[in-house]
Amino acid sequence: MNYTKNIFIICLLAISFNAVQAKNFIDMKGKWAFSTDSTDSGIKGNWFLKDFAGQITLPGSMAENNIGDEITAATRWTATNWSDSSWYKRPDFAKYRQAGNVKVSFWLSPQKVYVGPAWYQKIVNIPANWKNNDLFLELERCHWETMVWIDNQPIGMNNSLSTPHRYKLPANLKKGKHKITIRIDNRIKDINPGLDAHSISDNTQTNWNGIVGIIALKAVNKVAVQSIKVTPNLTKKLAVLDIEIVNNTNSKQSRKLNISAKSFNSTVNHKVPTYNKVVELIPGKNQVQLNLDMGDNFQTWDEFSPALYSLKVDIEKEKESCKTVTFGMRDLKTVGTQFQINNKTIFLRGTLECAIFPKTGYPPTDINSWKKIMQQMQNHGLNHIRFHSWCPPKAAFDAADEMGMYLQIENDAWATIGDGKAIDQYVYDESNRIVVEYGNHPSFCLMAYGNEPHGEKHKEYLSKFVDYWKKKDSRRIYTSAAGWPEIAENEYHNIPAPRIQQWNAGLKSIINSKAPQTTFDYANVISKRPIPVVSHEIGQWCVFPNFDEIKKYTGVLKAKNFELFQEDLADHHMADQAHDFLMASGKLQALCYKSDIEAALRTKGMGGFQLLDLHDFPGQGTALVGVLDAFWEEKGYITPAEFSQFCNKVVPLARITKMVLSTADTLQAKLEIANFSGETLKNSLVKWEITDSNNKIIQTGNTDIKDYPVGNGLVAGAIDFPLTKIQSPAQYKLRVWIDGTKYNNKWDFWVYNKQLNDNQGDIYMTNILDQKAIDLLENGKNVLLTVSRKDLKPEKGGNIDFGFSTVFWNTSWTKNQAPQTLGILCKPEHPALANFPTEFHTNWQWWDIITHSGAMNIDDFPAEFKPIVQPIDTWFDNRKLALVMEAKVLNGKLIVASVDLMGDLSQRLPSRQLKYSLLEYMKGDKFNPSFKLEVKDIQNILK
């Protein structure tokens with residue numbers, strides 16, 4: 001494109017944006033001239049003097065404008081080195097490494113990728129009436145390093161990932177047209193936040209290049225309010241104001257400040273009397289501190305009543321110099337092992353926000369988008385958000401302020417720190433920028449360096465960091481980092497100790513190794529620590545992919561990983577089961593989250609928890625850990641109302657000693673209330689009922705009427721219900737609720753006969769496929785073959801860690817950490833299960849069976865073959881698995897169960913009942929398998 005045409009384009013762009021101009025504000029959104037700089041030659045080549053031929057629309061990213069490189073198998077990602085990932089090696093994934101069909105398994109795929117410098121350019125028209133003002137260029141949410149020139153004059157550089165980049169333009173800039181050139185570089189250079197830090201990583205928002213928030217020129221008077229820090233003091237009924245005023249004239253100035261404040265977002269409108277003060281301002285920066293008397297009727301901010309104040313500082317005679325900020329009157333502190341806000345004990349019920357935005361690949365900068373997200377969180381009973389290794393834009397703080405959400409803000413780092421590298425100073429610089437920019441927001445309650453630090457001296461570094469901020473700003477509570485370390489300087493610990501599945505715990509975790517009950521808690525963790533503990537990343541329970549979700553990815557990120565998993569599932573002849581796998585694994589996922597959350601709420605004195613996650617995490621191997629998808633939308637197996645029964649400001653709890661019982665047992669449960677509603681529940685009646693699977697009421701009861709103060713571990717009463725006359729085998733439900741409120745909760749339990757006649761009849765039951773079994777099959781007899789995991793060939797299931805819980809995080813990222821399955825899928829209506837009460841998915845009665853079993857790999861069986869009970873494999877492997885299967889073999893009929901059904905089952909009631917159900921089925925005339933297998937098919941899976 002020739003020079004004349006370039007100038008014509010730039011002038012058109014200038015005309016289009018100057019139409020959007022206020023008196024002291026020029027909105028620069030729209031078309032910009034543009035060029036990439038993949039060889040990084042622009043600075044040396046003085047590109048700010050050039051006119052660029054390309055075009056791009058801002059706010060936006062290069063990917064949104066479909067600019068960048070295509071993904072290939074050789075793409076260099078901004079994320080942990082995946083050179084050892086199975087995706088690069090697996091022969092069956094070779095087709096996904098071919099040009100034109102690249103589908104990576106470990107995160108969403110951007111439609112374009114670009115890492116390097118890019119240049120943006122626009123002509124601006126400076127009005128004549130701005131000649132006596134200071135001019136500023138504001139760029140909100142840049143990614144990430146910017147350098148700015150106006151005409152041929154360099155203005156400076158900014159590399160904040162979290163706060164707006166602001167540039168003061170040269171004094172006495174002449175009216176008329178000027179060329180603004182911005183160079184944006186999204187490479188990791190001397191400052192390394194960590195490849196997986198959610199501020200920059202392809203795991204989450206992607207390492208995009210662009211500007212996605214406000215882009216504007218602003219005119220400000222020579223005497224102006226630069227910043228206002230508001231520190232509430234509820235005891236003295238004050239708002240302490242630290243005001244910075246700049247005087248960019250050459251002489252001392254006397255000005256009158258008019259300070260006003262009024263409440264909003266509350267039921268009571270409160271206006272603070274205007275405060276006036278005359279100040280003497282020397283040239284340069286001036287600090288003014290004063291106490292604003294809030295009066296006796298000031299409104300407080302918390303989750304229960306998030307009253308906000310709009311504070312305006314006006315400099316008389318300086319029309320463009322006033323500044324308005326939002327703040328809340330709140331007193332946040334720790335008392336022992338818990339948090340208090342405005343003298344009310346609170347419990348942090350949180351989830352992570354990991355910068356996951358599939359439509360754009362970057363976080364929204366409008367308040368409504370954030371309100372929608374936070375409303376979903378609140379619908380699920382949450383009051384807290386941890387921003388994992390990133391800080392959100394202002395709009396997120398605004399939304400949280402209005403909705404009463406408590407935020408843990410982190411610097412943009414998941415890094416090695418304390419070694420004297422550039423990141424060490426950057427964390428200090430960035431944290432200061434964050435606090436200056438967002439520190440008045442009452443929702444900004446907690447701050448950490450970032451996530452899971454590394455480095456030989458990281459403890460020493462973080463000790464100084466926490467101490468620095470404790471001394472500098474008392475408006476929030478500080479900890480070293482999310483995950484670790486526990487240091488003396490911490491005001492709270494954000495650690496993984498209190499959760500039911502630890503990293504590398506595998507099948508030895510609480511949920512996989514302890515018989516079903518709801519009595520355990522984390523008192524041993526809390527009692528050893530004198531400050532609040534917020535459990536780090538509890539949950540991480542996976543669910544099978546929802547392939548119907550693929551069509552939602554209409555923006556810059558595509559679910560190529562889902563496409564790969566879907567095609568691989570079809571290659572294993574199970575495409576028709578995808579939805580069933582989703583629903584069955586989803587029910588188990590919900591059970592695991594309920595168990596995790598209730599254990600935390602049962603723990604007296606605990607500070608709170610942070611889920612990983614309420615919604616899916618699409619990176620780090622594809623971690624489908626949410627009951628909501630990556631768009632914060634429901635998947636269909638649990639509603640917000642159901643989730644909030646066990647996750648809410650008030651939750652009825654039951655400590656049930658055993659959830660699998662016999663008719664000789666007594667159902668024993670201690671009822672408790674966790675009340676974090678901010679007020680005492682007065683004259684409350686707790687009721688309970690037991691119902692059968694048809695919702696028929698079997699027994700009811702209630703506790704004494706009493707008050708329940710704020711806190712947890714509040715004893716409501718006890719249930720001792722003998723089961724001698726109850727029908728069995730059967731599944732029952734215990735429901736507990738506070739009369740006259742919405743707060744209710746429920747738990748399943750199972751009752752089996754104390755004695756059971758499991759007569760085999762003429763069924764030959766064996767744990768080896770011996771000659772006798774083969775002869776009997778040859779002669780038309782029925783055989784029940786029960787084998788253990790050790791009987792299976794490694795490649796046929798012997799190497800599969802089959803656990804009760806669903807997969808933790810995902811098997812790709814954790815290098816096949818156990819368990820490697822997502823529960824079971826079965827058909828309760830199958831006659832083989834007629835005497836075994838079950839739903840189509842895993843529930844607590846399956847715990848005993850699964851912990852004494854293995855998963856048979858039957859990939860080599862006929863494509864149409866379906867087992868009776870089918871373990872659900874991880875989506876990275878999609879092996880067809882079986883726990884119980886049937887077939888015609890030779891002239892007889894065979895059931896193979898990879899469960900220990902031959903040992904002493906007197907204390908293993910569900911396994912005994914399953915054995916009984918299978919035998920009864922095999923003795924009856926309904927035993928007629930539809931598939932025929934050869935003896936060698938069975939022998940092929942056994943050692």
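Helices (H or I, at least four residues) and strands (E, at least two) are DSSP runs, numbered from the N terminus. I take axes as lines fitted to C-alpha atoms, for helices over the stretch in contact, with angles running from 0 to 180 degrees between N-to-C directions. The model is predicted: local features need pLDDT of at least 70 and side-chain atom pairs count only at pLDDT 80 or more, while totals for chains, interfaces and linings use all residues. Residues are numbered from 1 along each chain as its sequence is written, and side-chain values use heavy atoms, with hydrogens and water left out.

**Entry: helix 4 and helix 5**

I looked up the pair formed by helix 4 (residues 422–438) and helix 5 (residues 458–472). Their axes come within 12 Å and cross at roughly 20°. Helix 4 and helix 5 are therefore roughly parallel to each other; angles under 35 degrees count as roughly parallel, over 145 as roughly antiparallel, 65 to 115 as roughly perpendicular and the rest as oblique. I noted the crossing of helix 4 and helix 5 as right-handed, a crossing being right-handed if the near helix is turned clockwise from the far one by less than a right angle, and left-handed if anticlockwise.

I then listed the contacts (heavy atoms within 4.5 Å). Helix 4 contributes I423, D424, V427, Y428, S431, N432 and V435, and these meet Y461, K464, F465, Y468, W469 and K472 of helix 5. By class, this contact of helix 4 with helix 5 has eight nonpolar, two polar and three charged residues. For the classes, Ala, Val, Leu, Ile, Met, Phe, Trp, Tyr, Cys and Pro count as nonpolar, Asp, Glu, Lys and Arg as charged, and the others, Gly among them, as polar.

**Entry: helix 3**

I checked burial next; buried means under 20% relative accessible area, exposed over 50%, partly exposed in between (1.4 Å probe, protein chains only). Eight of the ten residues of helix 3 (residues 394–403) are buried, so helix 3 is largely enclosed by the rest of the structure. The buried residues are A395, A396, F397, D398, A399, A400, D401 and M403. They pack against strand 20 (308–315), strand 21 (323–327), helix 2 (367–379), strand 27 (406–410), helix 4 and strand 28 (444–448). Just after helix 3, G404 takes a positive phi of about 75°.

**Entry: cysteines**

I searched for disulfides, a disulfide being a pair of cysteine sulfur atoms within 2.5 Å. By this rule the count is zero. The sulfur of C542 has its closest cysteine sulfur in C592, at 10 Å, too far for a bond. C592 is likewise in no disulfide, with the sulfur of C542 as its nearest, 10 Å away. C542 is buried at a relative accessible area of 0%, and C592 counts as buried at 0%.

**Entry: backbone exceptions**

Most residues other than glycine have a negative phi, and most peptide bonds are trans. I recorded the departures here.

- The peptide bond from H143 to W144 is cis, with omega near -20°; W144 sits in the loop between strand 8 (142–143) and strand 9 (145–150).
- W484 and P485 are joined by a cis peptide bond with omega of about 0°; P485 is in the loop between strand 29 (477–479) and strand 30 (493–495).
- T622 is not a glycine, yet has a positive phi of about 85°. T622 lies in the loop between strand 33 (608–612) and helix 10 (640–646) and is buried at 1%.
- W632, also other than glycine, has a positive phi near 65°. W632 is placed in the loop between strand 33 and helix 10 and is buried at 6%.

**Entry: single residues**

For the contact lists below I left aside neighbours up to four places away in sequence.

What does N159 touch? N159 is in contact with W144, E145, H165, I191, Y426 and R433. N159 lies in the loop between strand 10 (153–158) and strand 11 (165–168) and is buried at 13% relative accessibility.

I56 is in strand 3 (residues 54–58) and is buried at 1%. I found contacts of I56 with G30, K31, W32, F34, S61, M62, N65, I67 and Y120.

M659 is in the loop between strand 34 (650–656) and strand 35 (660–662), and is buried at 1% relative accessibility. M659 touches P516, Q517, T518, W747, D748, F749, W750 and W844.
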